[in-house]
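Trainee: I have a model open and some questions about the fold. Can we go through it together?

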Amino acid sequence: YIDRRGRYAWNQQPGIAHWNLARLAECLLGLLADDEQAALEVADDILGRFPDRFTAAYDAGLTAKIGLAASRDGDAELALDLLERMAGNSADMTLTFRRLSALPKGHDRNDCFVRELFEQPEAFDQWVGNWRQRLDSEQRIDAERRQAMESVNPAFILRNHLAQRAVDSAIERLDFGPMRELNRVLAHPYLDQPEFSHLSLPPEPHERVQHTFCGT
């Protein structure tokens, strides 16, 4: 709520993580070397490795989310292209990746369950063709790939409106049922749990939480 400049925005996290590590390094300088200048050089060398290591880890995570077993040139860009299309079409991130996990290498009627998440379904159609072409170059069968994708793409997350509902119920009515239900479901976020499918959905317009706080 107080973050007017976007310091805590998602795309700012790599830089903030690097900044936090630099502050930690300042506290540890006395342990890195007896001489201050030497300690600074050690710290700078270590901190200098962070951007490349972060990018490698981030790219590996993204390619795993779209079901690629081995990373190749262009894979990270393919995944980022999907993220951009999702953002431009208000497609729910969690549902998009989870439903993508169920799609086979070839065109399938289940494509509609992903397409419907996009304001302009054609944006997904353009991307999914490139994705399937990339999948054709790998040897994994659909069942194996789906299992791998579902292990990194949760079916359930703690959405803001669900957390707010549980808090309101506990405070206003001393009803801890919604909290216990969330706790039960989120103990196994990668399982489908169809009896709780309503907890996998994004909020309706009237349920959206407009402001959150650092201590929420």
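Mentor: Start with a term: helices are DSSP runs of H or I with at least four residues, and strands are runs of E with at least two. Note also that this is a predicted model.

Trainee: In what order do the elements of the protein chain run from the N terminus on?

Mentor: The protein chain has 10 helices and 0 strands. From the N terminus on, the order is therefore written with helix symbols under the DSSP rule. It reads α-α-α-α-α-α-α-α-α-α.

Trainee: How far apart do the centres of the positive and negative side chains lie?

Mentor: Count the charges. The protein chain has 25 positive and 35 negative side chains. The centres of the two sets lie apart by 5 Å.

Trainee: Is Asn153 buried or exposed?

Mentor: Asn153 sits in the loop between helix 8 (142–150) and helix 9 (160–173). Its relative accessible area is 1%. The cut-off for buried is under 20%, so Asn153 is buried.

Trainee: Which residue's side chain makes a polar contact with the side chain of Asn153?

Mentor: Leave aside neighbours within four places in sequence. Asn153 is then in contact with Lys65, Phe97, Arg98, Ser101 and Tyr190. The side-chain polar contact, at 2.6 Å, is with Lys65.

Notes: Residues numbered from 1 in each chain as written. Predicted model: local features only at pLDDT ≥ 70, side-chain atom pairs only at ≥ 80, totals over all residues. Heavy atoms only, no water. Lys, Arg positive; Asp, Glu negative; His and termini not counted. Charge placed at Lys NZ, Arg CZ, Asp CG, Glu CD. Buried < 20%, exposed > 50% of the residue type's maximum accessible area, 1.4 Å probe, protein only. Polar contact = N/O pair within 3.5 Å; in protein donor to acceptor, adjacent residues only side chain to side chain. Contact = heavy atoms within 4.5 Å.
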